[in-house]
Amino acid sequence: ELLSIMTNKTKNKARYYTNLPSIRSYYYWSATENANYGDDAWYGHFSSGNMYYGYKTSTSNHTICIHD
């Protein structure tokens, strides 16, 4: 879910910024667990579009609620 939003941002920046104007250039948690490491979840950076994974208990990333 997060990766698809970030991919759409890269492909169509004008539409992205119109639909999600309050998103800032931070790291945001995904709802997706890392399949290889159950204690980890994926997160991404909205400026670079890169995805990473880290401990789900980490408080260094932001969250955002997005629905269609």
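The entries below give the basis of the values, then the two look-ups.

**Basis.** I worked from a predicted model, in which local features need pLDDT of at least 70 and side-chain atom pairs count only at pLDDT 80 or more, while totals for chains, interfaces and linings use all residues. Residues are numbered from 1 along each chain as its sequence is written, and side-chain values use heavy atoms, with hydrogens and water left out.

**Entry 1: D40.** I located D40 in strand 2 (residues 37-45); strands are DSSP runs of E, at least two residues, numbered from the N terminus. D40 is buried (under 20% relative accessible area; exposed is over 50%, partly exposed in between; 1.4 Å probe, protein chains only). I found no salt bridge for D40 (a side-chain nitrogen of Lys or Arg within 4 Å of a carboxyl oxygen of Asp or Glu). K56, the nearest side chain of opposite charge, is 7.9 Å away. Beyond four places in sequence, I listed contacts (heavy atoms within 4.5 Å) of D40 with E33, N34, Y53, G54, Y55 and K56.

**Entry 2: aromatic rings.** I searched the whole structure and found seven aromatic pairs (Phe, Tyr or six-membered Trp rings with centres within 6.5 Å; planes under 30 degrees apart are stacked, over 60 edge-to-face, the rest tilted). Y26 and Y28 form a tilted pair, 6.4 Å centre to centre with 50° between the planes. Y26 is partly exposed at 38% relative accessibility, whereas Y28 is buried at 5%. Y27 lies in strand 1 (residues 27-34) and Y52 in strand 3 (residues 51-55), so the pair ties together parts 25 residues apart in sequence. Y27, W29, Y43 and Y52 form one aromatic cluster.

Conventions. Helix = DSSP H or I, 4+ residues; strand = E, 2+ residues; numbered from the N terminus. Lys, Arg positive; Asp, Glu negative; His and termini not counted.
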